[in-house]
Amino acid sequence: MKIRNFCIIAHIDHGKSTLADRMMELTGTVERREMKAQLLDSMELERERGITIKLTPVQMHYKGYELNLIDTPGHVDFSYEVSRSLAAVEIAVLVVDATQGIQAQTLSNIYLALEQDLKIIPVINKVDLPAADVPKVKSEIINLLGCADSDIIPVSAKTGENVESVLDAIIGENRNEPCETVSRALIFDSYFDDYRGVVLYVRLFGGTIAKNDEILMMASGAKAEALEVGVLTPKMSPKNALTDGEIGYIVTNLKTTKEARVGDTVTLAKNPATTPLPGYKNVLPFVYAGFFPVSNDQYKTLKDAVEKLALSDSALRFEPENSPVLGFGLRIGFLGLLHLDIIKERLEREYKLDLVVTNPSTNYHIALASGETMEIKSASALPDLSEVAEIREPWAKGEIILPTPMIGPVLSLINEKRGHQTNLSYIEDRAVIDFEAPMANLLTDFYDQLKSATSGYASFNYELAGYRAEDLVRVDFLIAGERIDALSIMCHRSEADAIGRSTTKKLKTVIPRQNFEVAIQAAIGARILARETLGAYRKDVTVKIHTGDRDRKAKLLDKQKRGKARMKRFGKIDIPSEAFTVMLKKN
């Protein structure tokens with residue numbers, strides 16, 4: 001059979017899902033009455049935000065060819081998923097918005113596609129818009145790929161204009177026929193179905209996998225039975241077997257996606273392959289945040305909800321956490337801030353949970369004086385400094401694409417974040433800044449500040465670049481003399497004073513006033529860096545005295561003073577949930 005496997009890669013909101021919709025319409029895969037916008041974005045959140053979160057495969061038939069499409073996520077947090085999707089195909093359709101041109105994630109995905117040695121078909125989308133600048137975007141693509149002007153296909157995915165040319169270009173590419181007969185399949189996605197178990201999305205590289213075959217996952221060593229195999233059109237269509245070159249699904253009897261991770265190789269248990277397909281890596285989260293229910297009665301609901309989400313999301317890691325202020329909760333690891341935002345929103349929407357989420361932080365590698373190393377996921381877990389030899393923090397390698405006149409403010413922003421520029425290049429009238437910076441400084445509001453400095457014209461992409469030893473300290477925050485572990489942060493010693501001062505000022509605005517004076521302090525160990533005082537409510541206790549007797553007034557004021565001092569010693573402060581996210585935004 002003539003098979004063509006391809007995926008669509010692009011920056012967020014450049015029209016991947018809309019182009020996929022038009023292709024399904026043109027090939028008659030989905031009837032017009034069943035058609036809806038962003039058909040492959042099945043999650044409510046995806047449709048609301050207009051982004052692809054989970055990749056989706058679909059099989060189409062066009063002019064005697066079987067076309068297998070994988071609609072990939074465009075966000076940097078899911079770049080490993082994108083790289084595995086690219087490994088499952090031979091052709092990449094590169095979509096660039098005619099109004100915006102090449103953006104950071106477009107570049108990143110092109111590099112991934114070139115690494116996999118894919119044939120790239122460049123497409124300019126949204127050519128029907130008044131703001132479209134097709135000649136300029138064409139020259140950007142020619143400079144980047146070195147292709148000819150005639151290779152670039154201008155389309156409007158919304159109206160369907162010229163989409164047939166893209167399908168013709170896909171079937172015009174030749175597929176390399178493999179020579180192996182042993183069955184090997186690459187898992188490019190997996191999810192947990194409540195009624196059927198773990199479902200694998202796979203691409204076969206040689207051999208066949210039939211219904212009821214016993215299969216083996218080469219990286220995890222897990223064995224399972226292929227209860228059903230088939231293709232997606234985009235609904236599940238069962239078949240007797242999947243053959244070489246096909247993209248489809250396998251329903252297994254596994255109970256968790258941890259046994260069948262993205263990038264693993266599936267082979268037959270009775271005649272296993274000797275070498276797995278290349279490129280598998282165990283993806284570890286590097287953004288951590290504490291999730292606490294507002295009411296402790298909801299802790300079990302929260303734990304059950306996260307366990308259910310983790311069944312389908314193998315990148316989600318969590319462990320119980322206990323805070324003296326917030327009670328019982330979970331410390332959850334994420335691939336990035338978008339991943340965190342999506343999980344938080346799903347917990348609140350789907351499970352009706354009211355949550356307090358602490359400031360996101362990265363993990364740190366601690367080298368102890370004894371020679372051992374340990375990993376901590378929050379500042380409160382840092383051991384006594386007398387036992388610590390060095391603290392290593394994660395650094396990120398970033399890439400920013402922006403208009404040339406805006407280079408100055410962006411370089412200042414990178415320096416402000418303790419980063420440094422490594423390279424500066426140009427694509428037409430835009431610049432590409434390559435830089436390195438500590439991951440912790442990019443986590444909170446770097447993206448917001450970047451958009452602010454460039455009036456929204458910059459796009460940003462990053463990846464983890466390893467761990468480096470730095471002069472890091474733990475800054476604690478004390479409220480009325482009591483240390484609040486959930487507020488503790490790790491930062492560079494040179495930034496500690498400024499962070500301490502700004503955070504105590506912010507805490508003063510969110511902590512409610514009491515009947516007694518409250519001290520809000522930032523400290524490194526026993527050294528106080530900054531202090532703000534939250535004034536007490538004033539009550540005029542002398543108002544009930546109708547005479548001008550000074551002794552009686554002094555006696556009442558002295559009694560009030562003693563009462564306030566007693567309250568200060570024993571009074572408890574109810575800290576609102578906003579206090580735990582004050583470091584997320586600068587203003």
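Which residue forms a salt bridge with Glu 350? That partner is Arg 346, and the closest N and O atoms are 2.9 Å apart. A salt bridge here is a side-chain nitrogen of Lys or Arg within 4 Å of a carboxyl oxygen of Asp or Glu.

A quick word on the ground rules. This is a predicted model, where local features need pLDDT of at least 70 and side-chain atom pairs count only at pLDDT 80 or more, while totals for chains, interfaces and linings use all residues. Residues are numbered from 1 along each chain as its sequence is written, and side-chain values use heavy atoms, with hydrogens and water left out.

**Salt bridges**

The structure holds 26 salt bridges, including these:

| Pair | Closest N and O atoms |
|---|---|
| Glu 345 and Arg 349 | 3.0 Å |
| Glu 350 and Arg 346 | 2.9 Å |
| Asp 476 and Arg 474 | 2.7 Å |

Glu 345 and Arg 349 both sit in helix H8 (residues 337–350), 4 residues apart, or about one turn of the helix. Helices are DSSP runs (H or I, at least four residues), numbered from the N terminus. Glu 350 and Arg 346 are also both in helix H8, again 4 residues apart.

How covered up are these side chains? Buried means under 20% relative accessible area, exposed means over 50%, and partly exposed is in between (1.4 Å probe, protein chains only). Arg 349 is partly exposed at 29%, as are Glu 350 at 43% and Arg 346 at 22%. Asp 476, on the other hand, is buried at 7%, and Arg 474 is buried too, at 12%. Salt bridges with shared partners tie Arg 474, Asp 476, Arg 483 and Asp 485 into one network.

**A positive patch**

On the surface, Lys 544, Arg 552, Lys 555 and Lys 559 gather in a patch of positive charge. Patch members have over 30% relative accessible area and no salt bridge, with like charges joined within 9 Å. Lys 555 belongs to helix H13 (residues 550–570) and counts as exposed because its relative accessible area is 67%.

How many disulfides does the structure have? A search of the whole structure turns up 0, taking a disulfide as a pair of cysteine sulfur atoms within 2.5 Å. Cys 7 is buried at 0% relative accessible area, and Cys 491 is buried at 5%.

Finally, Ser 83 is part of helix H3 (residues 79–87) and is buried at 10%. Ser 83 and Gly 263 are 180 residues apart in sequence, yet their C-alpha atoms are 9.1 Å apart in space.

Terms used. Patches are made of residues with over 30% relative accessible area and no salt bridge: like charges are joined within 9 Å, nonpolar side chains (Val, Leu, Ile, Met, Phe, Trp, Tyr) within 5 Å. Accessible areas come from the Shrake-Rupley method with a 1.4 Å probe; for residues, only the protein chains shown count as cover. Lys and Arg count as positive and Asp and Glu as negative; His and the chain ends are not counted. The place of a charge is taken as NZ of Lys, CZ of Arg, CG of Asp or CD of Glu. Helices (H or I, at least four residues) and strands (E, at least two) are DSSP runs, numbered from the N terminus.
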